[in-house]
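Visitor: I'm new to looking at protein models. Could you show me how to read one, feature by feature?

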Amino acid sequence: MEKNIGLYICTGCSIGDSIDVEKLGNIAKNSLKIPVVKSHFAMCGKEGVELIKNDIKNEGVNTVVIAACSPRIKYEEFDFPGCIVERSPLRELAVWTQEDPEERQLAAEDYVKMHVIKAQKGDLPEPYMMETVKTILVIGGGISGMTSALQAANAGYQVVLVEKEAQLGGFANKLYKVVPAAMGEYSEPLIVDSDIADTVKAVESNQNITVYKSAKVEKTDGQPGAYDVTISSNGNSEVVKIGSIVLAAGWRPYDATKLEHLGYGVSKDVVTNIELEGIAKNNGGRILRPSDGKEAKKVAFIQCAGQRDPNHLPYCSAMCCTTSLKQARYVTQNSDATAMILYKDIRTPGRLEYYYKAAQNDPAVMMTKGDVTSVTDAGNGNLHVEMENSLLGEKVKIEADLVVLATGVVPATADDPILNLQYKQGPGLPDLELFDGFADSNFICFQYETRRTGVYAAGCVRQPMNMSEAQEDATGAALKAIQSAEHVAAGIAVHPRAWDMTYPDPFMQRCTSCKRCTEECPFGAIDEDEKGTPFYKPGRCRRCATCMGACPERIVSFKDYHVDMIGSMMKNVSVPSDDDKPRIIVLACENDAYPAIDTAALKHMKIDSAVRIIQLRCLGSTNLVWIADALSRGVDGMLLLGCKFGENYQCHFAKGSELADYRLSKVQETLGRLQLEAERVQMIQLAIDEYDNVPRIIGDFVERVKEIGPNPFKGF
Amino acid sequence: MAEQVISPDLNFVKDIIASGGESLKKCYQCSTCTVVCNVTPDDKPFPRKEMMYAQWGMKDKLVSNPDIWLCHQCSDCTAYCPRGAKPGEVLNAVRKLSIRHVSMVPLFARIVQDPKLIWLLFAIPIALFFVFMPHKSLEFIRFDDKMVYHMFAPAEPHMYAPFVLKMIFGLTAVFSILSALTGIKRLWSGMKAQAGDVKSGGNLTGDIISSAKTIFAHSKFADCNVNRLRQWGHLLLVYSFVGLSISGIWALIYSYLFNFTGPYPFTDPMKLLSQASMLAFIAGIVIILYNRFAQAGKAGMGSYFDWIFLTIVSGIGATGILALALRLANVSAGYAAFYLHVVFVWLLLAYAPYSKFAHLFYRTTAMVFARHTNRES
């Protein structure tokens, strides 16, 4: 498109007082050759916006560069459909963070220049349109899956529900009683019948829901909005078109045969919590010992039977404490029976604390903390539970006639891909070992998200949880699945760039099929054809541009984001000829690092005048050519600010910052070729709440670069 | 420590709850109680572990546990308990069960401890003394137109009644002493069995003397915070009981050795002692009652077991003072007051090793034991 750029400099928020706006305007007019340059004391106000709109209408301006505040604010005011809009954050990066008036002016000039270049290099995005369906596939017919199905169906979406068992209901079917719902204190009855049958009925009678029982997902092919899911049920296979997926495949109890030290498999009277449900259910609530059928009078519950133990399940299973408190009531229905709960810690989050308190008040429910070491034969037909570090004394044996092991939750995804994705990167969800096999992600920012766009996890397959939490989870995941189907249909990305209409558009003639992109894409969006040539499934793409950073041929670009665009911005940064004044380029991730800089600016913290900051979609989009180009132009150093990565990653694209770090380790070679010190380029992990550290981190880096000395390429 | 096998006794838990320890189950073992307790030994402090034993119905661990008696129910633990588990009240309930456990005649323990038997508690002495001191005779008895309680009798000869009274009280005292000795012996051997191979100090007499010193000085009470005031109330009560006992024996000596019978003149040293004791008694009981009500929010209201004991003690005082006043006013209703006074005194004496009064014996025993086994110095 023929660009007609208009530059609008805001003089409000003390920009006009600290910067020579006239000089700025003259530079834009004379050296950047911008036809329309205007300023206003409140560009975001009605008058300012009208001014821009008027120019669009009457002056033919179609590319608007607003030199005012951060792009993270006022985006609703500065929304001009049909125009490219670029924001130059003079207020934050020049006025508020620069102390010296001269440096402030220089920074303002640089930032205007950089963003004008950016606008010149960009193009107007168009959405990626394809034929889509909005049908939601729910995998798992337990409480989570059924809730998701009902929620989505009630919101008007077609739902396909796949359940591996012959009937719906999941674990709730196996329970004798459940914990009642309560808003505050719990009162009798403390165990009630589950209403799972009603939910099953609601699902089976819902016209929007198609249920496949005794079924599994054989294959998931395609992409969000256009999945081809092969469902096999009772020997028949069927391919169903699916828009997005809720993964609610649930869990299974931990294999108790691995708990021989707790007597399982040794004594018949050692059972798991799930088995106890069966005993109660089959005997009308009476707890009968498996060995002799006598009613149990002294029942010991061993909490954390494998959980929070690095040799078994390293995590807390969240539901077993409440389950044992509930099952203790099965026992104490018999007025002369006692339930003894032996725990490491009782964990009853939220309102369940009241359930714990209610159990405490029952004289027949006895609880104590300690480490259970073994369960042995007492010699009189009963069992001895041995405990160490017990609150009852140093080492005790507790006599019980029945021992219940409160075994934990193993997610269905622990050893089964479930989805059977036909993706180059494999059939299951990647990197689940970070979450002990659960289909989880960094939960603060990414509830229900998985590393496969369009697949949202809910219930115990995501995290160990109880039934009411699972219902909440299922509702959330259903909403995410709906969003995903809708966004793909509208040709825009999903979280975290949920507004983004651009998509990767590679120049395939120059592709060498090196496959770096297929390997590095955090979302498995790139598959390969028979010849091994990569191709995109744009519906899977989250637009992080990691592929753009990975590509050695630099062929991946987005309409408003490409290698040349960012490279050109860097090339237009002023490099002071003075040896004492280094120039450093900071590449900051838009998700954490850049907002942290924004916050530091908002707090009027001062940032070293040596830096020029460029916002990236994700540090994963950093192409090494930028570093080579910038340094060969005389820039003294580059600082990459990205999200935390590793086990507790905060990267919004899961792998971006980690990949940037990995690539930087390879930059040595490039720098060596230029005979530059490797320390001139550094990556630092910065969380969004670490804004206080921004001036220090940047200041320290500038100091280090000063110590190294000026870039020898300066002035070439 | 030897490995213990635990087999909880649900009935014991229910007993504690029924005995005023209804908050027992709230304890979540944070141990704030042992931290704030000023009277516990530093090693294996109470009442945290006792709360656990109680929750788990570990009767053997509790009924013969010297620690439950080392507790003076300052109620600091109860005041600071974040969960409202009231360890002070729970230990009080456990002490009640301990008294029952070591009692020579469990029926007596039941009568004084079970609220449902309160009628029987009072019916026995009321009937007993009604037989020997019928109200009908009240109006006829005048000795030189003066009221004389000790001649108070159902029929001729006049001397019969005092003899029968003395016989009843004498036998009751023997019963009480036997009960107390049995209880002490059982408690001691129970504590010894519980303590296992704990080394004993050797000098039992010295331990008894040092315990007695602590008791008479009330120095343990001084460590209390919440029930600080009680130190003085209890001190006054103890000394008033001592004074009244001495004056009682003194009166017996007067009447048997010197044939000097009452009413005694107010100038008599024996009478002076008893009057002083009476004043101390009034002051003591007022302080104790005031403290109970004032601290009820922090320390709890106490149980039936406490209140029946306080009722008997207050009853003795009230009826005694009333009888004296009525005698001085020469109102013959004084005989009725005296009759009730005798009822209350008998209640105190007969149930001494079964009611809360038993703490005199058992706390002392526990204090001696604790010193003897170096649990306390």
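Guide: Start where two strands from separate chains pair up: β19 (residues 393-400) of chain A and β1(B) run in the parallel sense, with 3 bridges between them. Keep in mind that this is a predicted model.

Visitor: Which residue of β1(B) is the bridge partner of A:K397?

Guide: That's B:V5. Pick out those two residues in the viewer and you have a handle on the pairing.

Visitor: I've read about interface size being given as an area. What is that area?

Guide: Often it's the accessible area lost when the parts come together. Here we're counting residues in contact instead, 17 from chain B and 21 from chain A.

Visitor: Now chain B by itself. How many helices and strands are there in chain B?

Guide: Chain B has 17 helices and 1 strand. Its C-alpha trace spans about 75 × 40 × 35 Å along the principal axes.

Visitor: What does the radius of gyration tell me about chain B?

Guide: You compare it with what a compact globule of that length would give. For 377 residues that would be near 21 Å, and chain B has 22 Å, which agrees. As for burial, 42% of the 377 residues count as buried.

Visitor: Where are the domains of chain B?

Guide: The domain assignment gives domain 1 (10-102) and domain 2 (106-372). Their C-alpha centres lie 27 Å apart. Where they touch, 26 residues of domain 1 of chain B are in contact with 33 residues of domain 2 of chain B. On the domain 1 side, α5 (66-70), α6 (76-80) and α7 (87-102) of chain B each give two or more residues. Of these, α7(B) gives the most, with 9 residues. That side divides into 10 nonpolar, 10 polar and 6 charged residues.

Visitor: Let me try a single residue. Is B:I249 buried or exposed?

Guide: Count its C-beta neighbours. B:I249 has 11 inside 10 Å, so it counts as exposed, since the cut-off for exposed is 12 or fewer. You'll find B:I249 in helix α12 (residues 230-257) of chain B.

Visitor: And chain A? How many helices and strands has chain A?

Guide: Chain A has 19 helices and 30 strands. Buried residues make up 53% of its 716 residues. The domain assignment lists domain 1 (1-124), domain 2 (136-252 + 411-490), domain 3 (256-407) and domain 4 (560-716).

Visitor: Which residues of helix α8 of chain A are buried?

Guide: In α8 (residues 273-282), they are A:N273, A:L276, A:E277, A:I279 and A:A280. They sit on the same side of α8(A), because they cover an arc of only 160° around the axis. They pack against β13 (270-272), α9 (320-332) and β20 (402-405) of chain A.

Visitor: Which value of phi does A:A318 take?

Guide: Its phi is near 65°, a positive value in a residue other than glycine. A:A318 lies in the loop between β14 (298-302) and α9 of chain A, and it's buried, with 20 other C-beta atoms within 10 Å. A:I418 has a positive phi too, near 60°. With 24 C-beta neighbours inside 10 Å, A:I418 also counts as buried.

How values were computed. Residues numbered from 1 in each chain as written. Chains lettered and ligands numbered in written order. Predicted model: local features only at pLDDT ≥ 70, side-chain atom pairs only at ≥ 80, totals over all residues. Helix = DSSP H or I, 4+ residues; strand = E, 2+ residues; numbered from the N terminus. Arc of directions from axis to C-beta. Contact = placed C-beta atoms within 7 Å. Rg over C-alpha atoms; globule rule 2.2 N^0.38 Å. Domains from an automatic or database assignment. Pairing = 2+ DSSP bridges. Nonpolar A, V, L, I, M, F, W, Y, C, P; charged D, E, K, R; others polar.
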